[in-house]
Every structure is written in C-alpha cells, then in structure tokens.
Number of protein chains: 2
Amino acid sequence: MPEGTDGCWVGFDLGGTKMLATVYDDDFRPLGSKRRKTRRGEPLEVGLGRIADTIEVALKEGRIDRSRIRAIGVGCPGPLDLDRGVIREAPNLAWENVPVKEYLEKRFGRPAHIANDVDAGVYGEYRFGAGRDARCVVGIFPGTGIGGGCVYEGRILRGKTSSCMEIGHVQVMPGGPLCGCGQTGCLEAFASRLAISSLAAQAAFRGQAPKLREIAGTDLSDIRSGALAESVAGGDVVIEQILRTAGGHIGRALAGIVHLLAPDVVVLGGGLVEALPKLFCESVSEAADRNVLPSFRNTFAVRAASLGDDATVMGAAAWARHLVGAEVSHHAAG
Amino acid sequence: MPEGTDGCWVGFDLGGTKMLATVYDDDFRPLGSKRRKTRRGEPLEVGLGRIADTIEVALKEGRIDRSRIRAIGVGCPGPLDLDRGVIREAPNLAWENVPVKEYLEKRFGRPAHIANDVDAGVYGEYRFGAGRDARCVVGIFPGTGIGGGCVYEGRILRGKTSSCMEIGHVQVMPGGPLCGCGQTGCLEAFASRLAISSLAAQAAFRGQAPKLREIAGTDLSDIRSGALAESVAGGDVVIEQILRTAGGHIGRALAGIVHLLAPDVVVLGGGLVEALPKLFCESVSEAADRNVLPSFRNTFAVRAASLGDDATVMGAAAWARHLVGAEVSHHAAG
C-alpha cells in the first residue's frame, strides 16, 4: 500500500451517558482524545453534529490534520444495520434510524463503520487486551443487562444485519424469574448487575448485609458496583454469596457456549467485574469447568478485561481498520 | 490456476457401521461410488488400507485415473486433531490415533483433509442441500446422541484442535435426567433418539402405545426411527406427544443458539428427522420461535436435510476443495 506511516484511525464510543473519541496512530498509540456527555433526546442532526464535533476536538488536541484520517469506527448501542451503518434504535438516546456511517463519511470524506459497542469492546480486548491474539475470544459484560460478543479467528461474529451473541437471553432455567425481555429464566434475570442489586437490596432489607445497608440502603439505584465491592470487603458474607452465585450462573451459561464455540479465552468486563475481578473470574471459571464435557475442561482461560473504558473506542478504531483492509500485518513489513 | 476441468474430488464418510467413498467431478456430479461395511477393532493398518481400497474401487467404478484426484476429504467420528489429520479416538471402531491424512496423502500423493462427520454433513447441506448459500447454517442431527455443526460465512466453525458445536451437551434443564456424558439435563438426555426410544418403550410397557408394542415391543434396541414413525401413523397419540416434546426441547436449545449465532437456516437431519420431517420441523421451529427475543422471531428457517446419506461424503469432498483453495468461484470463470 502506498500510505506512509502518518495515517491515523479514529475510534468512537457512543454510550448512553457519555461519548468518547480517540485518535490513534498506526501503532494504536493514542494521539488525542475527547470525552463528552451524551444528551438524551436531541434532534438527530444535533446529536450527529455533536459526535463529529467531538472527533474534531480530539483531532485538534492531537494536532492532527483531518486529511490524515484513514477510517472511523463507531461503537454503538442498540439494534444496528451494520452494512448500512445505521443505528436502528437507541432507546437510551431516544433515537431511531440514525445514519451514523453516511453522516461521518460526508463530514470527513473517509470510510466510517459502525459496530455493536460490546462487540467493539471484545475486539479491543482481542487486539490489545486480555484476549490478545486468541483464536476465539468470548466476552461477557454483566451490567444493567448482560452483553456478549465473540471474535472468532480475527472476525467479530455477527448476525445477518445486526450483532448476535445475546448471552444475556440464553435461558439458564426453564420457568426461572421473569426477564426484562418478557421471557423467563434468562441469564440476565439471574446475573445482571440489576438482578444482583435486587437480591442485595433484599438481604440489606432483611438485616443480613449491615455494611451494604449502611453505605447504600435498600434502593436498587444506589446499590452499584462500588457499593457491592465495599460491602463484600466490609464483611457482608451474604453479598459475597449472592455475587458468587451470580458468577455461577454466568459460568453455567458459559459452559453451553464452550460446548458450541470452544473459545480459548473468555473475557469478563464491565463495572461489576472491574470492582470484583477475582471473585468473578473464580466463580465463573469454576462453574464453567464443572459444567463442560471433560474434553473441554481447562481448554479456556477466564480473564478480567484489561482495557477498561478504552476497549470499545480502541476496538471500534481497530475494527474499522480491519474492514478497510489495512491490517498492521499487511503493511508493517513495508 | 493451471488445472483443466478434468480434476476430481474424493469424499469419504467413515461411519461406525459403514464407509462410503464417492468421487466427484468439478461440478460435484458423482462419477463413481463404493460402500462397504466398517469392521470394528481391525488393526490400524488394515482399517486404513480398507479406506484406501474403497476409494480405489470408487475410482475404478468411475473409470477415473488416480492422477486426476485433486484432494480427498474424509468425514470422521470422534475427537479429532484437525490440523494433523488424526482421529484421536473412535470408540465405535475401537481405534485410537489414526493418521488418516498422512496415510492417504502417502498412498495417493494428493492433499487429504479430515473433518468431523457432522460438520462435513452440515457443510454438504450448506453447499448443495437444504442450507444452500446461507450466511449461517446450524445443523442439528438427533441420533444415538445429538450431533451439531455450524457453517458461518462459508467456513465450518471449529475448536482449537477438534470440532465444536456440541449441541447435545448444552444443558436445557438444571438437575434434569442423567446424560451419557455424566452431566445432568443435557439436551441429549431429553431428545436423542435413545432418550425418545426409552420414553416410547415406557409408554408401550404401560399399554399406552398399542401400535408400537405390536411392531417393536419394549426393547429400546428395536424401537428405531421407522418403528416410531409407523407407531405415530398407526394412531399412537402418546408417541406423537413424546416426539413433539423432544422437538420442543431441541427448539428451546436452538433458541439459545439463535441468540448467540443468529443463523438464517437451521437444518435438522438424521434417521429420526428423515422418518418424521414435518413433525420435527414444526415442533422445533415453534418452540424456538416461542423462546427467542422478538427481534429474532422469523429470522431463521428450520428445514429437513435434503441430501440424506450423501451429505457427509459430499460435504467432506467440498470442504477439502475449499481448504486447498480451489473453490468453484475461483476458477469457474476461467
């Protein structure tokens, strides 16, 4: 390829509460970055303009001329039309049919691609983090729901038009608790941070978790990852049991995924895992190993994500680079 | 590529009871074929010799000189070492560490590849049968166990060294019946032909399935696919219920797979499905649709396999061709 080494790659993470743009050089060193709050319910054009402006500020911060941009990758929530680069629905932003790709390509005159935000995060971990260079990486991110993604032999597994790997809605117990999706017994209904917080609130209410009650009370909205970690550290044994049981459910669901996809690395991420990495890796790994066929035992490593908030933005940029066919391996030799 | 149009491709299906070799031309029309019984417990060299001899007979039948062979593909049971082309264990044949690839490459002087037999069958259906040209095909084959495979964007999904897609051992009910693998509640324990036959035998024993009792008695070994189909046709309502319930379990497991891989086509195959295609396609499809997120409803077609016994041998040959990088698309234009 004729390009010099001064091309750069833009990653963007469009979250429900914040957006983050980072510009990377050819070796994926960050050159400039800008974080902003996302505003819910803005008109489409205004919101798209804010995304582009955030990229412009990141470029300015890195003193990078926009002509150096080779491609832009955007990690997005919600059901997507990956090929057309449209967010079909982003309830957190109150947006529908957002033509992200078209808008950014017009504005910057360079190829833009969108990816599911969790998929982008798993790809980031595969390229630069806890799943580096693995043949098959499965990512599981327990949050309000439970997100999942898979990078198989260098490619993000996807559905026909949108992403797949809806790990949160794999059924782990027929007739189990009602899930937000309307089904019963989904993994999310057992092991999302929301499900965990609600069990923790009950324990606090019953007086079985004095530390948690002291620091967070019994309101689900206040029982966040940090409070749960502090409660465990402060001696609330019941909260630790609740968390390990949730990890066990994730491990059982993971066993099913191991039977299907035989990953070598499983990356756990999100705020809850960041707050309690050892507890989650242990409980998930033990339950998964206990529930797989003997031939699959010890064939996969369960690791905490290592890139934190940068996984999605870095992965989105690297995936856009993969899609424009300019992988490091192809021109690093030149 | 320099080759003319007179190359040919050898497919081989190494089953526990029979082996089948078929030689195909470049358009995958069969030129010659030979079927033989498999002999359990033969010394390795004798067994490998029998495989090669069967191929020779198929070549002779088609009046094909062995110099025309471009590649050989072998569908094999058991855990495999795909890259080295070794069957690690084939309990049905009482064989271990069988160097299929090395033996055939020495004997014929052409590239040979092995694949899991179910994977080869699913690839056959993807290339030539019920899953033709789909983006993602999942195959489910209920037999003594339940085999599974997936062709994703033209490639067989595989594990690090062996195959994956162990659909039969995905847990569908915690604490459910004991499976042959030692776990509980696996899909196989609910919906394999063996599990179905055992429920059917109980119904016959209790006098609830008079037709089945008349034609097959209460011995599991005699209650095979044909007997079950005849029993349903003869009015044994309980047997139909047992079969539909088993289809429902497969459908629920399939819902989990749809959440993960978002296939567009699901192919059901094996003797039981061949005997009762409508009953299985309906019951599996209904249960899967009922158990997926609304966004996945009606996104996948459930179809009976259409190649029968030829799926594995044809798929093995076509997959070997894919692996040697001479896909139709590459030279058909020339």
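Me: In what order do the 5 strands of the open sheet of chain B come, and why is one side of each edge strand left without a neighbour?

Reply: The order is β11-β10-β9-β12-β13, with mixed pairing, where helices (H or I, at least four residues) and strands (E, at least two) are DSSP runs numbered from the N terminus, and two strands pair if DSSP finds at least two bridges between them. β11 (155–156) and β13 (301–304) of chain B each have a single partner strand, so one side of each lacks a neighbour in the sheet. This is a predicted model, in which local features need pLDDT of at least 70 and side-chain atom pairs count only at pLDDT 80 or more, while totals for chains, interfaces and linings use all residues. Residues are numbered from 1 along each chain as its sequence is written, and chains are lettered from A and ligands numbered from 1 in the order in which they are written.

Me: How many bridges join β10 of chain B to β11(B)?

Reply: There are 2 bridges between β10(B) (residues 146–152) and β11(B), and the two strands run antiparallel; with at least two bridges required, they count as paired. V151(B) stands opposite I156(B) of β11(B).

Me: What makes α3(B) and α11(B) parallel or perpendicular?

Reply: Helix α3 (residues 117–128) and helix α11 (residues 310–323) of chain B pack at about 80 degrees, their axes being 7 Å apart. The axes are lines fitted to C-alpha atoms over the stretch in contact, with angles from 0 to 180 degrees between N-to-C directions. Angles under 35 degrees count as roughly parallel, over 145 as roughly antiparallel, 65 to 115 as roughly perpendicular and the rest as oblique, so α3(B) is roughly perpendicular to α11(B).

Me: What relation do chain B and chain A have?

Reply: Chain B can be laid on chain A with an RMSD of 0.0 Å by a turn of 180 degrees and a shift of 0.0 Å along the axis, copies being superposed by least squares on the C-alpha atoms of residues with pLDDT of at least 70 in both. That is the relation of a two-fold axis, and in chain B the C-alpha nearest this axis belongs to M173(B), 3.1 Å from it.

Me: How many residues of chain B are in contact with chain A?

Reply: In contact (C-beta atoms, placed from the backbone, within 7 Å) are 28 residues of chain B with 28 residues of chain A. Helix α8 (residues 237–261) of chain B gives the largest share of its side, 7 residues.

Key: Contact = placed C-beta atoms within 7 Å.
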